[in-house]
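Please look at the structure shown below. The questions that follow ask how each description is reached.

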Amino acid sequence: MSNGSQYVELPGSERQPLPGARRVADAPPDEPVDVTVLLRRKDGDATDAFAAHAEADPVARGDLSVDQLGARFGAADDDVEKVERFAKDHGLEVVDESAAQRRVLLRGPAAAMGEAFGVSLGRYENDEGLAYRGREGAVQVPADLEGVVTAVLGLDDRPQARPRLVRAAAAAPPRAFAVPEIAKLYNFPTSQASGQWVAIIELGGGFRQADLDTYFRSIGMPTPTVEAIPVGRGRNDPGRPADGEVMLDIEVVGAVAPGVRIAVYFAENTTAGFVNAILAAAHDTARRPSVFSISWGSAEENWTPQAVTAMNQAFADAGFVGMTVTAAAGDDGARDGSTDGTAQADFPASSPLVLGCGGTRLLADGGRISGETVWNDGPDSATGGGVSERFAVPTWQTAARVDRNANPPGKPGRGVPDVAGVGDPETGYRIRVDGRDAVFGGTSAVAPLWAGLIALYDDALRTRLGFLNPAFYRWGLAGQGFHDITQGNNIVPGAPGYTARAGWDACTGLGSPDGQALLARLRGGTAA
């Protein structure tokens, strides 16, 4: 702030150290830092605009092209230029900018970044060996950028999200399924999705083509086209712990939606990486994915308000161009990894612009479902779900009689999940990872399961269905298109939770899919 400009706090940007972490040193002054600056839209709040659009149409198909989205809801050129001048004044490099995505990527040494945004960058560590670059308090911006800049992401590079998968305790549980078996049990259409691209967001790990070829050959299917798309410093990096997540996502989508093409957007596991990956998928004019699947998340308490707003704005972009977003609801019961005795909804599944996906335990006999209950094998292996403390109950969810939050004083909020599918690893998915066969579950498997199903719908109906929550609630609450899950709970030690009941509940939402029945409703386009 050496130029003497008056600075103001950026609302919602306050950060605290991770629990148990402490500052051990200043960040090296010459450490390179990439920062994503997000800007206001030139035509108002697209999140509110899209929510109104969704309320008006049971199947809220996006009606904008990517170019039209940028022209209407992008940033003003003048605002982009203001940030570029700010960067020049502080000796920062403008690496990339996109008015359509409302994004300017800046790069510079830590000392210059800290001065430019009025923060002290440091190195933080905890007793488990986690180390990250962090800050405390609020980000500062010059007064002439107040209201122009909506988020500054990347100063803090702590891991923001966790993959939502659980490996089975045994190498080959006897009740595990080949993925096509699961699609058959849920009565998925037997058609192709050859005209569709599905986007998958990954924040680590990678895939090997040889594994994909071996896996799809083993289930008697051609290997789908899978393209790795780097976002920022992210890349396809197999041989990492997150490989199981990447392979699970790809193999589930490809196995339930024959002929689909899959775009995997690899980004760093930071708030900036996560947001940039979503924007990259939503604005991808080369592939134009119609669905994207997110199997990474974190408890709402771990997100700054500016990051939540940035993610929601990116989801609104996706909705306006007709993309359906599916997201995993978490794998640690209603506490969602919280250690303070509270129940927590998982974000981004708790976003009202996302189809949140919970997990069940699925049993079958003679090719038919013989039983389905809430998945709960105890801590670290139970479906997430709950009531948001960040979002109000959306209009389309009011008839679901959403429980009040399990934490005192029991405030109302957006209920999670919306839908479910098999997530218990003991009745899970047989896949292949890093040269070995394995069985995985978790709500990480449910998000791509639903993404593949919706890709089948998009192809069958020759459209981009987009935001489906209002329609699904109308039909599901009328007893159409879903297997209602009424037994079990997602209560694990250390926190309150929720119990399944008839209709919607905060464990499995509306239930698991009856694929053909939902397709019939979608062909009609309206609720009964």
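Predicted model: local features only at pLDDT ≥ 70, side-chain atom pairs only at ≥ 80, totals over all residues.

Q: Where is R401 found, and what is its phi?
A: R401 is in the loop between β22 and β23. Its phi is near 55 degrees, a positive value in a residue other than glycine. Helices (H or I, at least four residues) and strands (E, at least two) are DSSP runs, numbered from the N terminus.

Q: How many helices and strands does the chain have?
A: The secondary structure comes to 12 helices and 28 strands.

Q: What makes the radius of gyration agree with that of a compact globule?
A: For 528 residues a compact globule would have a radius of gyration near 24 Å, and the chain has 22 Å, which agrees. The radius is taken over C-alpha atoms, and the globule rule is 2.2 Å times the number of residues to the power 0.38. Along its principal axes the C-alpha trace spans about 75 × 50 × 50 Å. Buried residues make up 60% of the 528 residues.

Q: What share of the contacts joins residues 24 or more positions apart?
A: Such pairs account for 81% of the contacts with a separation of 6 or more. Contact means heavy atoms within 4.5 Å.

Q: How do you know that the span of helix α9 agrees with its number of residues?
A: The expected span of a helix is 1.5 Å times one less than its number of residues. For the 16 residues of α9 (residues 305–320) this should be 22 Å, and the end C-alpha atoms are 23 Å apart, which agrees. After α9 comes G322, whose phi is positive, near 85 degrees.

Q: Why is α9 called largely enclosed?
A: Of the 16 residues of α9, 14 are buried, so the rest of the structure largely encloses this helix.

Q: What makes S13 buried or exposed?
A: The relative accessible area of S13 is 0%, so S13 is buried. S13 is in the loop between β1 (7–9) and β2 (22–26). Not counting residues up to four places away in sequence, S13 touches R135, G137, A138, V139 and Q306.

Q: How do you know whether G154 is buried or exposed?
A: At 9% relative accessibility, G154 counts as buried. G154 is found in the loop between β9 (149–153) and β10 (162–163). G154 and A272 are 118 residues apart in sequence, yet 5.2 Å apart in space, C-alpha to C-alpha. Leaving aside neighbours within four places in sequence, the contacts of G154 are V33, D34, V35, R133 and A272.

Q: What makes V439 buried or exposed?
A: V439 has 3% relative accessibility, so V439 counts as buried. V439 is placed in strand β26 (residues 436–441). From V439 to A176 there are 263 residues in sequence and 7.1 Å in space, C-alpha to C-alpha. Apart from residues up to four places away in sequence, V439 touches residues including R167, A176, P425 and Y429.

Q: Which peptide bonds are described as cis, and what is omega in each?
A: A cis peptide bond joins P408 and P409, with omega about 5 degrees. The bond from V416 to P417 is also cis, with omega near 0 degrees. P409 is in the loop between β22 (386–387) and β23 (415–416), while P417 lies in the loop between β23 and β24 (419–422).

Note on methods. Residues numbered from 1 in each chain as written. Heavy atoms only, no water. Buried < 20%, exposed > 50% of the residue type's maximum accessible area, 1.4 Å probe, protein only.
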